[in-house]
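Work through the two exercises below with the model open beside you, and try each task before reading its solution.

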Amino acid sequence: MVYRLLADAVAAVHFAFVVYVVIGGFLAWRRPRTLVLHLIAFGWGFSTVLFGVKCPLTDLENWARHRAGVAGLPPSGFIDHYLTGVIYPESALGLVRVLVVVCVTVSWVGYAWLWRRRSARSAAAQTRPFAGN
């Protein structure tokens with residue numbers, strides 16, 4: 001029972017990680033310090049899809065599932081098991097990948113625009129003479 005709960009918890013964390021990879025750049029608009037974390041998460045997620053790097057969350061979930069006496073994830077992994085064919089049709093996989101990249105790109109471009117705007121405002125505020133004298 002404990003291992004089954006652990007497997008479910010790992011699957012939930014894994015799903016949250018995938019969501020963060022997609023929309024984490026937008027969170028950095030409000031919390032700029034999180035952009036580095038998002039860059040790392042995106043890099044990891046991107047490498048698992050493009051280069052087939054093994055994900056430790058998949059391994060942990062498989063370990064817990066086997067200890068619970070249930071079948072592990074298929075060799076194709078977490079995304080293919082829980083998302084492809086469930087959340088979106090398998091025929092839309094290429095489109096979904098493009099949309100993820102577009103979403104991340106828009107979030108980073110938006111972050112850069114906001115950062116430049118804040119920097120310009122800050123520089124303008126520093127060059128104004130102090131009105132209190």
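This is a predicted model: local features need pLDDT of at least 70, side-chain atom pairs count only at pLDDT 80 or more; totals for chains, interfaces and linings use all residues.

Residues are numbered from 1 along each chain as its sequence is written, and side-chain values use heavy atoms, with hydrogens and water left out.

**Exercise 1.** Determine how α1 and α3 are oriented to each other.

Step 1. Helices here are DSSP runs (H or I, at least four residues), numbered from the N terminus. The angle between α1 and α3 is about 160 degrees, and their axes lie 8 Å apart; axes are lines fitted to C-alpha atoms over the stretch in contact, and angles run from 0 to 180 degrees between N-to-C directions.

Step 2. Since angles over 145 degrees count as roughly antiparallel, α1 and α3 are therefore roughly antiparallel to each other.

Step 3. Contact means heavy atoms within 4.5 Å, and the residues that make the contact include Tyr-3 and His-14 of α1 and Leu-57 and Trp-63 of α3.

**Exercise 2.** Describe the largest pocket and the helices that line it.

Step 1. On a 1 Å grid over the protein atoms alone, a pocket is an open set of points where a 1.4 Å probe fits, with protein on both sides within 12 Å along at least five of seven lines, and lining residues have an atom within 4 Å of a point.

Step 2. The largest pocket has a volume of about 1,000 Å³, where volume is the space filled by probe spheres set on the points, which are joined across faces, edges and corners. Of its 38 lining residues, the closest to the centre are Gly-45, Thr-48, Val-49, Ile-79 and Arg-97.

Step 3. At least two lining residues come from each of α1 (2-30), α2 (35-50), α3 (56-68), α4 (78-83) and α5 (93-127).

Conventions: Angles under 35 degrees count as roughly parallel, over 145 as roughly antiparallel, 65 to 115 as roughly perpendicular and the rest as oblique.
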